[in-house]
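Good morning, and thank you for coming.

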Amino acid sequence: MADDRLLDVQDLETHLFTREGLLKPVDGVSFFIRPSETMGLVGESGSGKTMTALSLMRLVPSPPARIVGGKVVLDGEDLLALSAREMLQRRSTKVSMIFQDPMTSLDPTMKVGRQVAEPMETHLGLQREEATRRAVELLDRVGVPAPRKRIDDYPHQFSGGMRQRVMIAIALSCSPNLLIADEPTTALDVTVQAQFLDLVQELQKELGMAILWITHDLGVVAELCDKVAVMYAGRIVEFGPLSQVLSQPRHRYTTALLRSIPTMQKRSGKRLEAIHGLPPDLSRVPAGCPFRPRCAFAGPICEEERPALERMGNEHYAACHFPNKEG
Amino acid sequence: MAEAQEPRRVVDIGTTLPDFEFEVIEERNLWLDAWERLRRNELAVLGLIIAVLLILIAIFGPYLAPFGYNQTDLDRIEQPPTALHWLGTDQLGRDLLTRILYGARTAVLVATLTSVISTSLGVLLGALAAYLSGWVDTLISRIIDILMSFPHLLLAIFVNATVKTPVQSALEDLGQSTGLKFLSNSVIIDYVIVFGALSLVGWPGMARLIRGQILSLRSRDYVMAARALGIGTRGILLRHLIPNALGPIVVSLTVGFGGAMLAESSLSYLGIGIQPPGASWGRMISESLGRWRYAPHLVLAPGLTLAVVIFAFNFLGDGLNDALNPRLR
């Protein structure tokens with residue numbers, strides 16, 4: 001294993017033990033992120049993106065979910081091997097997470113300033129005054145106007161975009177090495193979304209944290225990320241540098257996904273391509289390649305053997321029996 | 001409330017510019033909002049006034065009382081209201097107004113201690129059960145079920161009857177060994193036993209309420225966000241979950257306060273609560289019940305007082321419920 005990896009996830013498996021049976025929302029996921037790198041994790045709803053993120057934080061809802069295997073090596077230590085108390089201390093200081101809905105992710109009964117200060121008091125042992133002072137600085141940095149006044153406001157006095165700025169201020173308050181962002185822009189309208197992406201890029205340049213950006217918006221990925229992992233039915237099907245995955249996708253699913261994006265240039269009069277069918281129900285994932293029923297290129301081997309993630313090029317991996325030809 | 005401002009017309013270019021103002025924030029929070037709504041509810045305000053009056057009377061009653069609470073005037077027994085005795089006198093010639101003022105003290109003291117104990121116990125155990133779930137939840141929930149399966153008053157009577165003697169002797173011993181004389185005061189002992197019994201039957205209801213609240217709150221996004229920030233169980237419970245469940249806690253506390261006063265009076269009425277010479281409204285009613293044809297004021301005065309006070313707390317509780325519940329954010 002190369003030691004220039006900040007986060008190295010190996011064969012991560014998180015299973016759901018439900019009354020209907022065993023589900024595998026995270027089924028052997030592997031990827032890595034270098035320091036200050038931004039990785040996009042894309043996939044359809046239900047493909048296991050969020051469950052993967054929660055597994056990294058060790059916050060899977062248990063029961064019914066349990067992390068049953070794999071390694072999550074962050075900064076040289078396996079998070080899955082830590083005690084619960086040690087893991088508590090890693091959150092905020094090593095890895096932080098921001099969530100999808102800024103309207104509900106802030107405590108409605110707590111002043112915003114207190115919420116920004118809380119992790120610093122908990123993890124950095126700061127006194128209230130010092131933590132409040134830093135909270136003002138942080139809010140100022142993320143572009144909340146008049147932060148000295150706003151720290152005494154409650155979340156409902158903030159707009160959605162401002163709340164997401166507050167969320168990122170909280171997440172970065174203890175300078176984590178890795179920020180996990182679970183679709184943080186889906187609840188924002190597009191102008192606010194663009195401002196927010198700019199802010200995140202600025203902050204990353206300044207603070208140097210790595211980002212795992214979970215989204216189903218390939219446009220955001222193209223703008224923000226250095227590399228991409230594509231998830232399908234609990235597995236990573238393609239993983240590689242942004243330019244390679246977007247311009248020369250090797251997996252048939254990624255190819256189809258990219259084709260189904262409307263473009264401004266081509267107005268050929270053709271209908272927009274769509275991937276037929278639905279992603280598999282996690283309780284009935286087909287044997288072999290999970291994408292096979294929807295794949296135009298599937299052969300007999302796809303029914304029998306689950307394709308492994310194979311190296312297609314320099315740090316470009318895909319799990320497909322019939323990958324696209326290079327170039 | 002800020003009125004929507006008219007767009008400012010810039011006449012010379014003929015365009016309309018909206019008068020932009022960033023960050024128009026209303027200086028409000030949950031409690032101010034609730035207070036606004038409460039103020040508009042007349043019955044609740046009446047309840048609040050009576051409740052505040054009652055508590056003031058409980059604190060300053062002895063200074064307001066025209067007579068001693070055990071001071072008898074055997075020349076004036078069972079007198080109707082007079083200029084000297086505004087509410088008349090009882091069978092022993094004690095001033096009824098004085099007795100009622102002291103009775104307020106008993107009622108408020110018992111209700112306060114009972115509410116504080118049963119609320120803190122209920123909130124703590126209910127929140128723990130809901131947040132930790134698993135066997136902790138099972139254990140606490142079963143204890144709640146068991147305690148709630150008894151009729152409240154009966155359980156309180158049972159506690160009263162069984163633990164009174166040992167508690168009495170223990171407190172007397174303690175009073176003697178520490179030199180704290182008040183511990184062996186029989187009225188104090190009655191208080192201890194009554195509020196102990198009432199707290200015991202009071203907390204399960206509160207615990208069940210809080211458990212339900214926390215169960216619904218723990219799946220909120222901000223709780224997940226707090227966990228993602230590495231806030232521990234204690235911080236999440238105390239800083240995030242309980243403050244968000246405070247509305248129902250306050251409502252239940254208010255209604256429970258009235259309920260505890262009623263329960264104290266019921267126990268005393270049945271002769272197992274506050275013993276003579278301690279003053280209790282319930283006791284006063286039961287003592288005078290045989291004489292109500294000849295001296296109805298002896299029943300009427302404490303009875304009406306009790307009724308008014310309980311109504312007041314219920315109105316206030318209802319008002320708070322309406323004021324705190326529609327949380328539209």
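Let us begin with two strands of chain A: β3, residues 38–42, and β9, residues 227–232, run parallel and are joined by four bridges. Within this pair, G40(A) is placed opposite V228(A) of β9(A). Helices and strands here are DSSP runs, numbered from the N terminus, a helix being H or I of at least four residues and a strand E of at least two. Two strands pair if DSSP finds at least two bridges between them. In general, the strands of a sheet pair through backbone hydrogen bonds, either parallel or antiparallel.

Before going further, a word on the source. This is a predicted model, in which local features need pLDDT of at least 70 and side-chain atom pairs count only at pLDDT 80 or more, while totals for chains, interfaces and linings use all residues. Residues are numbered from 1 along each chain as its sequence is written, and chains are lettered from A and ligands numbered from 1 in the order in which they are written.

Which sheet holds these strands? In chain A, eight strands form an open sheet with mixed pairing, in the order β6-β7-β8-β3-β9-β10-β12-β11. At its edges are β6 (95–98) and β11 (310–313) of chain A; each has a single partner strand, so one side of each lacks a neighbour in the sheet. From one strand to the next, the twist averages 20°. Helix α1 of chain A, residues 49–57, packs on this sheet and touches β3, β6, β7, β8 and β9 of chain A. The direction of α1(A) makes about 150° with that of β7(A). Angles run from 0 to 180 degrees between N-to-C directions, and axes are lines fitted to C-alpha atoms, for helices over the stretch in contact.

I turn to the contact between the chains. Chain A contributes 28 residues and chain B 22, two residues being in contact if their C-beta atoms, placed from the backbone, lie within 7 Å. On the side of chain B that touches chain A, α7 (221–228) and α8 (233–244) of chain B each supply at least two residues. The most comes from α7(B), with six residues.

Next, the helices of chain B. Helix α2(B), residues 42–64, packs with α3(B), residues 96–132, at an angle of about 135°, and their axes are 8 Å apart. That angle makes α2(B) oblique to α3(B). Angles under 35 degrees count as roughly parallel, over 145 as roughly antiparallel, 65 to 115 as roughly perpendicular and the rest as oblique. Among the residues in this contact are L54(B) and G61(B) of α2(B), and Y102(B) and R105(B) of α3(B).

How do α9(B) and α11(B) lie to each other? They are roughly antiparallel: α9(B), residues 246–269, and α11(B), residues 297–324, pack at about 170°, with axes 8 Å apart. Their contact includes F257(B) of α9(B) and F313(B) of α11(B).

Finally, two loop residues of chain A. S36(A) has a positive phi of about 65°, although it is not a glycine, and lies in the loop between β2 and β3 of chain A. D75(A), also not a glycine, has a positive phi of about 55° and lies in the loop between β4 and β5 of chain A. S36(A) is partly exposed, with 15 other C-beta atoms within 10 Å. A residue is buried at 20 or more such atoms, exposed at 12 or fewer, and partly exposed in between, with C-beta atoms placed from the backbone.
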